[in-house]
Amino acid sequence: MTTVDLATDLSKTPPSHHEAGRRFDWSSPFVYVIALIVVGISVVPVLYVILGGFRSNAQLNADPAGLPSPWILNNYGSVLTAGTFWQQVANSTLTALATTAGVVIIGVMAAFVIARYNFKGRDALYTLFTVGLLFPLTVAILPLYLMLQNLGLLGSLLGVIIPQVAFALPTTIVILVPFLRAIPEELEDAAVIDGTGRFGFFARILLPLSGPGLVTVGVLAFVGSWNAYLLPLLVLGDPNAFTLPLGVQAYSTQYSQDTAAVLAFTSLAMLPALIFFTLAERRIVGGLTGAVKG
Amino acid sequence: MSISDRSTTEVGRDRGSIPAGRADSARPAASQPGPMNETRRAHQRRNARRLNLFIALFAAPALIVYLTFVLLPVLLAAFYSFWKWNGLGPLTEFVGIENYARALSDPVFLGAVGHNLFFVIASLLVQGPIAIGAALLLNRPLRGRTVLRVAIFIPYVLSEVIAGVAWRLLLQPNGPFDSFLAAVGLGGLKQLWLADTNLVLWTVFAVVSWKYLGFAIILFLAGLQGVPEELSEAAQIDGASWWQTQRHITIPLLGPTIRIWAFLSIIGSLQLFDMVWIMTGGGPANATSTMATYMIQFGFQRSQFGFGSAVAVILFVVSFIFALIYQRFVLSRDIGGTMSRRVG
Amino acid sequence: MKNRRSIMRTAAVTLAAGTLALTGCAGGGGGGGGGEGGGDVTLTWWHNGTQGVLKEYWQSVADAFEEENPGVKVEIQVTQNEELQRTKIPNALRSNNPPDLFQQWGGGEMAAQVEAGRLLDISDDVEEELDSIGGKAAGWQFEGQTYGLPYSMGIEGFWYNKAMFEQAGITTPPATMDELNDAVSKLKAAGITPIAVGAADKWPAAHYWYNFALRSCSQETLEQASAEFDFSDPCFEEAGEHLQSFIETEPFQEGFLATSAQQGAGSSAGMLANGQAAMELMGHWNPGVMAGLTESGEGLGENLGWFNFPGVEGGEGDPKAALGGGDGFSCSWQAPPECVDLLKFVVNVENQRAFAETQTGLPVAEGSEDAVTDPTMQTLLEGRDSAPYVQLWLDTTFGPTVGGAMNDAIANMFAGQAQPGDIVKAMTDAAATL
């Protein structure tokens, strides 16, 4: 267990990588080349899809890998002026936000008691949630479908949201438990001395402190919901209730001869998530840092 | 900062097992030594009751949603696996373990298991080193660091459906990808990326890696923020090269992150579905089938729900065994390795 | 806070109670048929016409039906073909909230739905329609009762580009395998891709084997195979041998294993429609699909020709027999009577004539044939009506279990990984699991 001791000792010194970092030769072109390659591989296919939306089908057929010339705005224009796209953006957003809120709220509550109280069945409870990591939604899709229809949830976004919350719980709890455990007990003792109850401690002290962890699980749940395909496909029937992945699939079959329009629709379907993650980048990485350490 | 640092070590030590409670402090009596009188005992009982109620109220919502919408359907699937059932009408024909025997003796299913193992091993051996290497190189205040991070995170953010549709389009014969290769002078590398049964598994692996490599890099970059610079500085002062420093100090300290990533990667590889389904449907000639695509294709699409459920159970059991082996074997080896590699 | 918690708990308890009602026993469904009080009925209708004329046509039928039947509202849901047939309909039929009127291909798949009590027996309501449609409705009947009606029944054959045939010096459409092989060589010599096949979807590839089986096996053998899953007759292995030697002539486009049948200009139908291949073996729906895959929306127009699958030497099947199938609709078991009215409306002569004009299929109602004006479609209609027998698609006939195994094995042969005997073995093995 010497490693652990070593690490513990180290941890007493706050990391200061930013200052220390400058000792290296940052301008090293090699590093920038690597960075450029990584960025290129990640971004070029996406750029291709976005730029393809600015081309005509004739351009795409003549030279599949070329650049727009001239730039065609029609494809994007017609998608943006069609109501279905905006409706699907709203559906995806609503579903993802509700899933995220649901899983974060009930997840952090459960993780809180599992992490900080000794009670009978706690180990069993934690194991139960951990095992859930091993169930992909595909395994349970048929019984789940029957259940949703008995509950009258087919065709409604709730029928997507509730199972998504349920299937996101294992990850959420497994990430949050160590995170919440790490918050020093002195804080809780101090809170008790101040006359703050358990709930007060949870709401006023613990929640704010676990911000990064909550962001992490929230982001994972949001991404999962935003990208989900199989469950929405089965639950949602009406195109007006579609989420974006369903919309992309439906659009790409309906207008399959119009590759440029499909590319435009696909790009626009990616855009909200891309914007969201660009804006939240700092918090996400911060959250991941917390999760990784937790 | 020190809060989460502490957790690194604790959890690093016993990740996977239940966190040992230091939390007993919440028990009212813990800090009250000495003889107790009746009122105190009553007070304590009332407190204990209240604590139990509090715990129950907090755990209940998650537990109920989880039991209802995850565990119950999964158990039902397990129940169906012992029946011959076409998905319509009542369960009438109990067949015991026949469905399991059939799956385990089907070369196509065994092939699918093989493909899953390929994804597990290839991900660990190819994605891991590349991601760690990239993270080590990029863990410095580069110009445009934020742009870089967003850029490498983009594929992860995209839906597998959207990414799959896009790549299928890019990789079609004489499609944009081939044109691109020709344009950069690599036209000779042109292949039937999705049609060549000897190549298609690697193609799918490459696309899956494209999708998830960024996530791994971000994860490792995040992990590296927890590795103190002082150690490597000290090592460099002692004359260690950059690579020696990384190898003997940084990478071992990245252990917990690597373990988390490996776990996610293994489970993800075993459960791989959406991307394969969209890009190849498991084909051609089952060359890219995975356990999950096999389950949908041979179980659900052929109206053999009992059989499909048996495959689902096998998929779960395989994941479960992997998880167990991982915890017992990889975990202990990781700690041992870290110790033996300690820099003196 | 307390309030919210108790609401959560109540909600949770309600959910838990709801799940107890699971597995089978009808919980009243949710929504679905909708507002049945006050004479207002909403019918849900699922079809696969995702593009172009067919989509518009079904909408116009729904509008006309609503106009004739005040108080009835028709809600259409359009889904891509495979997703509809393989995922959405089976799931919906398992639930208590199925669509009222939905796509039905008949055959073994329909039989399973009937046995599970999921379809409405419409025998007594459609006697007139049965008279009009005749023997073509047989695929929608099971044990003497009727559970659906076709609106289109067509046969399969090679669709070809007349201009390309001319360019390659092919004067008459091939009638024998030798002539087909000859045509393939001539097209190749002219630098034209002879045949496009969407092998990624498996069934387009499998249809080659079906046709060879139709030519190799007698009608009786095929009937016996459908009824008893007996594939021991050597003609089934022969079919595989014919297919194998045909594949060896390399008549297909590059990378055909990854080509889809109908999605986009790069699909097999798109290749034929856009002049990138000379032939495609496909059903009667192909002109409609092709039209949707060209920018002009017209497909090949006058350049499109059709010929029946060539005969093979020494085969026991009638060379004029055709492989075919139909598109139809069924009503689910809970559907209101208006569903049957809508179905009857769909197949009345007036609408069948209007359907013929969409050129997306061949109408089945008596008196609608002459509404087929396109010369190519007329050829097809003649082929259908002059065929001594029309064999339903083999995968539909055998049902999803055996049919799926058969399609997979044939697709493997296209990938060079199955021998003729493997196909027969896969079918026999799958039948053993039933």
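Two residues are in contact if their C-beta atoms, placed from the backbone, lie within 7 Å. I begin with this definition, and I note that the model is predicted.

**Entry 1: chain B as a whole**

I looked up the contacts of chain B that have a separation of 6 or more, and 69% of them join residues 24 or more positions apart. I then listed the secondary structure of chain B, which has 14 helices and two strands. Chain B holds 344 residues, and 50% of them count as buried.

**Entry 2: Leu138 of chain B**

I located Leu138(B) in helix α4 of chain B, which covers residues 107-138. Is Leu138(B) buried or exposed? A residue is buried if 20 or more other C-beta atoms lie within 10 Å of its own. Leu138(B) has 22 C-beta neighbours inside 10 Å, and therefore I record it as buried.

Which residues does Leu138(B) touch, once its neighbours within four places in sequence are left aside? I found Ala35(A), Leu148(B) and Leu221(B) in contact with Leu138(B). I also looked up Leu201(B): it is 63 residues from Leu138(B) in sequence, and the two C-alpha atoms are 30 Å apart in space.

**Entry 3: helix α7 of chain B**

I turned to helix α7 of chain B, residues 176-183, where Pro176(B), Phe177(B) and Asp178(B) are buried. What covers these buried residues includes α3 (29-52) of chain A and α6 (160-170) of chain B. Just after α7(B), I noted that Gly185(B) has a positive phi of about 80°.

**Entry 4: chain A and its domains**

I counted the secondary structure of chain A as 16 helices and zero strands. Of the 294 residues in chain A, 54% are buried. Among the contacts in chain A with a separation of 6 or more, 78% are between residues 24 or more positions apart.

The domain assignment divides chain A into domain 1 (25-72) and domain 2 (83-293). I recorded 32 Å between the C-alpha centres of these two domains of chain A. Where they meet, nine residues of domain 1 of chain A are in contact with eight residues of domain 2 of chain A. On the domain 1 side, α3 and α4 (57-62) of chain A each supply at least two residues. The most comes from α3(A), with four residues. I sorted the residues of this side of domain 1 of chain A into four nonpolar, four polar and one charged.

**Entry 5: the domains of chain C**

For chain C, the assignment gives domain 1 as 37-154 + 324-390 and domain 2 as 155-321 + 392-432. Taken over C-alpha atoms, the centres of domain 1 and domain 2 of chain C are separated by 26 Å. The contact involves 29 residues of domain 1 of chain C and 26 residues of domain 2 of chain C.

Which elements of domain 1 of chain C each supply at least two residues of the side that touches domain 2 of chain C? I listed α2 (52-68), α4 (107-115), β10 (322-331) and α15 (375-386) of chain C. The largest share, six residues, is from α15(C). The residues of this side of domain 1 of chain C divide into 10 nonpolar, 17 polar and two charged.

**Entry 6: Glu302 of chain C**

I found Glu302(C) in the loop between α12 (286-292) and β9 (304-307) of chain C. Glu302(C) has 11 other C-beta atoms within 10 Å, so I record it as exposed. Thr376(C) is 74 residues from Glu302(C) in sequence, and their C-alpha atoms are 8.6 Å apart in space.

**Entry 7: a helix pair in chain C**

Two packed helices are described by the angle between their axes and the distance between the axes. I looked up both values for α16 (residues 394-414) and α17 (residues 420-432) of chain C: the axes come within 8 Å and cross at roughly 160°. Angles over 145 degrees count as roughly antiparallel, and therefore α16(C) is roughly antiparallel to α17(C). The crossing of α16(C) past α17(C) is right-handed.

I then noted the residues that meet. Those of α16(C) include Thr401(C), Val402(C), Ala405(C) and Met406(C), and those of α17(C) include Asp422(C), Ile423(C), Ala426(C) and Met427(C). The residues of the contact of α16(C) with α17(C) divide into 11 nonpolar, one polar and three charged.

Technical notes:
Residues numbered from 1 in each chain as written. Chains lettered and ligands numbered in written order. Predicted model: local features only at pLDDT ≥ 70, side-chain atom pairs only at ≥ 80, totals over all residues. Buried ≥ 20, exposed ≤ 12 C-beta atoms within 10 Å, placed from the backbone. Domains from an automatic or database assignment. Nonpolar A, V, L, I, M, F, W, Y, C, P; charged D, E, K, R; others polar. Axes fitted to C-alpha atoms, helices over the stretch in contact; angles between N-to-C directions. Parallel < 35°, antiparallel > 145°, perpendicular 65-115°, else oblique. Left-handed = near helix turned anticlockwise from the far one by under 90°.
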